[in-house]
Amino acid sequence: MAWIGFLVWAAVGLFFIVLGLYLIYGTRKTIFGFWANAETFPVEDVKGYNRALGKLWCSYGVIFILLGLPLLAGQNSAYALISILGTVFATLGLMLVYVLGIEPKYKKKSR
């Protein structure tokens, strides 16, 4: 029965990967917001910004799926802590890469 939990976990990870692929290969002319319910900043290169964000989401999805592998050990396994804590740190890393890497690179400079 542990595989059911992993399948749900992997489905969420696949959602992140599909979102990333949509941003990388899509023809969207507007920028994709990273933060929920927040105004997006002006971007100089919309296509480059969306591609960078898409790569970030794809890599997060792969890491998220890999972090779900310990769930296959069973519901009451101590390995589940790896999944939980790993997801916390992966999400913090996702935010750091965005704030320190993507946002400053693509934000329109005020003149």
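Reply: Let us begin with a term: accessible areas come from the Shrake-Rupley method with a 1.4 Å probe. In this predicted model, the protein chain exposes about 7,400 Å², and carbon and sulfur atoms supply 69% of that area.

Me: What makes the pattern of the protein chain α-α-α?

Reply: The secondary structure of the chain comes to 3 helices and 0 strands, and reading along the sequence gives the pattern α-α-α. The C-alpha trace spans about 55 × 25 × 20 Å along its principal axes.

Me: Why is L66 called exposed?

Reply: A residue is exposed when its relative accessible area is over 50%. L66, whose place is in helix α2, has a relative accessible area of 52%, and therefore it is called exposed. L66 also belongs to a nonpolar surface patch of about 920 Å², made by M1, W3, I4, L7, V8, V62, L66, L69 and L72. The elements that give two or more residues to this patch are α1 and α2, and α1 gives the most, with 4 residues.

Me: Why does N50 count as buried?

Reply: Buried means under 20% relative accessible area. N50, which is found in helix α2, has a relative accessibility of 3%, so it counts as buried. Leaving out residues up to four places away in sequence, N50 touches L23, I24, R28, T30, I31 and F32. Across the whole protein chain, buried residues make up 40% of the 111 residues.

Me: Is T27 buried or exposed, and how do you know?

Reply: The relative accessibility of T27 is 69%, and the cut-off for exposed is over 50%, so T27 counts as exposed. T27 is found in the loop between α1 and α2, and its C-alpha lies 8.2 Å from that of K47, although the two are 20 residues apart in sequence.

Me: What makes a set of residues a nonpolar core, and which residues touch the most other members of the largest one?

Reply: The members of such a core are buried nonpolar residues joined through side-chain atoms within 4.5 Å. The largest nonpolar core has 24 residues, of which F34, Y49, L53, W57, Y98 and I102 touch the most other members. Helices α1 (2–25), α2 (46–68) and α3 (80–106) each supply at least two residues of this core, and α2 gives the most, with 8 residues. A second, separate core of 6 residues includes F6, A10, C58 and I65.

Me: Which residues is L53 in contact with, leaving aside its neighbours within four places in sequence?

Reply: L53 is in contact with L23, F32, F34, Y98 and I102. In soluble globular proteins, nonpolar side chains tend to be buried together.

Me: What do the buried residues of α1 pack against?

Reply: They pack against α2 and α3, and among them are F6, W9, F16 and L23. In the protein chain, residues 24 or more positions apart account for 70% of the contacts with a separation of 6 or more.

Key:
Residues are numbered from 1 along each chain as its sequence is written. This is a predicted model: local features need pLDDT of at least 70, side-chain atom pairs count only at pLDDT 80 or more; totals for chains, interfaces and linings use all residues. Side-chain values use heavy atoms; hydrogens and water are left out. Buried means under 20% relative accessible area, exposed over 50%, partly exposed in between (1.4 Å probe, protein chains only). Contact means heavy atoms within 4.5 Å. Patches are made of residues with over 30% relative accessible area and no salt bridge: like charges are joined within 9 Å, nonpolar side chains (Val, Leu, Ile, Met, Phe, Trp, Tyr) within 5 Å. A salt bridge is a side-chain nitrogen of Lys or Arg within 4 Å of a carboxyl oxygen of Asp or Glu.
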